Amino acid sequence: MKLSELLKNIEVKNAYTDREVVEVTADSRQVKEGYLFVCIKGATFDGHSAAAEMLEKGAVAVVAERDLGLDAQIIVDSTRDAYSAICANFFGNPADRLKLIGLTGTNGKTTTTFLIKQILENVGKKVGLVGTVQNMVGDEIYPAHYTTPDPHELQSLFRKMVDAACEYCVMEVSSQALAQGRVAGIRFLLGVFTNLTQDHLDYHKTWENYFNAKRMLFESCDIALTNVDDENGLKIVEGLPCQVKTYGVKNLNSDFTARNVVFSPNGVKYELVCDRIGTVKCPIPGRFSVYNSLCAASVALTLGFELEAVIGAIAKSNGVKGRIEVVPTDTDYTVIIDYAHSPDGLENIISSLKEIARGRVVTLFGCGGDRDRTKRPKMGRIAAELSDFCVVTSDNPRSEDAEKIIDDILEGMKDTKTPYEVVVNRKDAIKWAMDHAQPDDIILLAGKGHETYQILPTGTIHFDEREVVAEVLENK
């Protein structure tokens with residue numbers, strides 16, 4: 001593809017020689033003969049510092065934000081925005097031929113995107129999915145490295161979806177992706193807001209930055225669907241030109257409302273009230289399942305699908321790996337894996353389990369290293385106040401000392417009366433919890449969810465909690 005074609009609709013500040021380009025990248029490790037290299041300044045590495053070296057490796061040109069004194073340089077205002085547009089041009093702007101549904105918020109995105117995909121497929125549509133657990137093109141599964149991929153991978157996925165005749169794409173849109181311009185220039189048919197609580201402040205630094213990053217999604221959508229039970233639900237779309245639809249459980253004036261909610265160990269049931277009334281039966285237990293399924297239903301109804309088809313699809317949902325996932329044990333207690341790794345996420349899952357538990361709720365959890373330290377005591381307090389027993393352990397300590405992370409957690413638990421046990425090694429902690437389980441207990445393994453690895457100071461190891469549970473049972 002010609003350089004001029006890749007730079008279509010991008011304001012370039014200098015003259016350049018039009019040449020043939022074989023591939024595009026912002027990763028200096030990938031550059032080969034004929035590549036176009038885009039210089040992006042990250043947290044630890046500035047691509048501008050490697051620009052001259054990339055030309056020596058055979059790059060056709062480098063895209064930069066300032067004059068580097070190089071012959072084959074292309075200067076733009078923002079290389080992040082330019083990279084997104086260049087990747088879109090490279091793959092033929094496939095997003096223009098998809099109906100894009102983007103979800104942002106702290107909790108609920110993954111389960112809700114899967115529910116939306118299942119609903120749309122149930123009414124005969126072919127759907128792509130981009131998210132935390134996996135990426136999908138129809139039934140084909142592709143590994144997910146980030147919640148929202150970098151522009152090259154994202155546009156490549158869009159291209160695969162178009163080639164496979166997908167009509168819709170439903171995707172999680174993270175705050176980091178929005179702040180880093182990974183979806184810059186992409187227009188969403190529908191932008192969805194689930195909720196907003198403390199998370200990712202290690203990256204965004206302030207609540208305002210976090211909020212404003214999330215808001216960017218709704219600056220690029222035709223229709224916004226927002227949870228008005230959340231205090232930020234209307235603020236996030238305030239003053240924006242998009243059409244606004246609302247959903248909620250507490251706010252009875254919303255466009256889509258759940259009323260007469262009934263909880264059971266087998267799921268939730270409620271009346272969905274919009275311009276009509278239908279009974280929703282979602283086979284995923286927990287209070288948050290009301291919000292997730294209501295949100296998914298509201299998306300489909302906003303898109304114009306029939307109520308009966310929507311609630312019929314929800315009734316057939318099979319859930320998502322790592323989200324309130326029941327692990328087979330054939331014992332008199334239950335083991336549940338959930339990704340809850342924020343204060344609000346932990347509160348939601350424990351509260352939901354307490355509503356259906358016949359015995360104790362035993363919460364096994366930790367906190368990630370190299371991340372926001374302020375949420376550690378908050379999570380400790382929430383787990384202690386809501387659980388009957390806690391097992392405090394490691395999560396992904398990364399470069400930090402796991403015991404010091406645990407000390408931060410215990411600060412929030414010291415004034416509570418809930419008994420707890422500290423077992424630093426997570427595998428040993430799971431074994432301890434199962435060895436001390438009582439009849440009808442629910443053992444919640446919180447924080448890892450779909451992950452099949454653990455990041456330690458010494459490196460990343462394979463760690464699948466399903467396998468750990470199976471091994472403990474086998475050794476018994």
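Colleague: Which elements cover the buried residues of α13?

Modeller: The cover includes β18 (361-365), α12 (375-386), β19 (389-392) and β20 (420-422), where contact means heavy atoms within 4.5 Å. Helices (H or I, at least four residues) and strands (E, at least two) are DSSP runs, numbered from the N terminus. The model is predicted: local features need pLDDT of at least 70, side-chain atom pairs count only at pLDDT 80 or more, and totals for chains, interfaces and linings use all residues. Residues are numbered from 1 along each chain as its sequence is written, and side-chain values use heavy atoms, with hydrogens and water left out.

Colleague: Which residues of α13 are buried, and what lies at the start of that helix?

Modeller: In α13 (residues 402-411), the buried residues are Ala402, Ile405, Ile406, Asp408, Ile409 and Leu410. At its start, a side-chain oxygen of Asp401 comes within 2.8 Å of the backbone nitrogen of Glu403.

Colleague: Why is Asn292 called buried?

Modeller: Buried means under 20% relative accessible area, exposed over 50%, partly exposed in between (1.4 Å probe, protein chains only). Asn292 has 9%, and is therefore buried. This residue lies in helix α9 and, beyond its neighbours within four places in sequence, contacts Gly108, Thr111, Thr112 and Leu115.

Colleague: What makes the pair Asn292 and Thr112 a polar contact?

Modeller: The term requires a pair of N or O atoms within 3.5 Å; within protein, one must be able to donate a hydrogen and the other to accept it, and residues adjacent in sequence count only if both atoms are side-chain atoms. The side chains of Asn292 and Thr112 are joined at 3.4 Å. Asn292 is also 9.4 Å from Asn107, C-alpha to C-alpha, although 185 residues separate the two in sequence.

Colleague: How is the packing of α9 against α10 described?

Modeller: The axes of α9 (residues 287-302) and α10 (residues 307-315) come within 10 Å and cross at roughly 145 degrees; axes are lines fitted to C-alpha atoms, for helices over the stretch in contact, and angles run from 0 to 180 degrees between N-to-C directions. Ser293, Ala297, Ala300 and Leu301 of α9 meet Leu307, Val310 and Ile314 of α10. By class, the contact has six nonpolar, one polar and no charged residues.

Colleague: Why does Thr106 count as buried, and with which side chain does Thr106 form a polar contact?

Modeller: Thr106 has a relative accessible area of 9%, so it is buried. Its place is in the loop between β5 (99-104) and α4 (109-122), and its side chain makes a polar contact of 3.0 Å with that of Tyr210.

Colleague: Why is Asp46 assigned as buried?

Modeller: Asp46 has 18% relative accessibility, and therefore counts as buried. Asp46 sits in the loop between β2 (35-38) and α2 (51-56), and a polar contact of 2.8 Å joins its side chain to that of His48. Not counting residues up to four places away in sequence, Asp46 touches Ile40, Lys41 and Arg66.

Technical notes:
Nonpolar A, V, L, I, M, F, W, Y, C, P; charged D, E, K, R; others polar.
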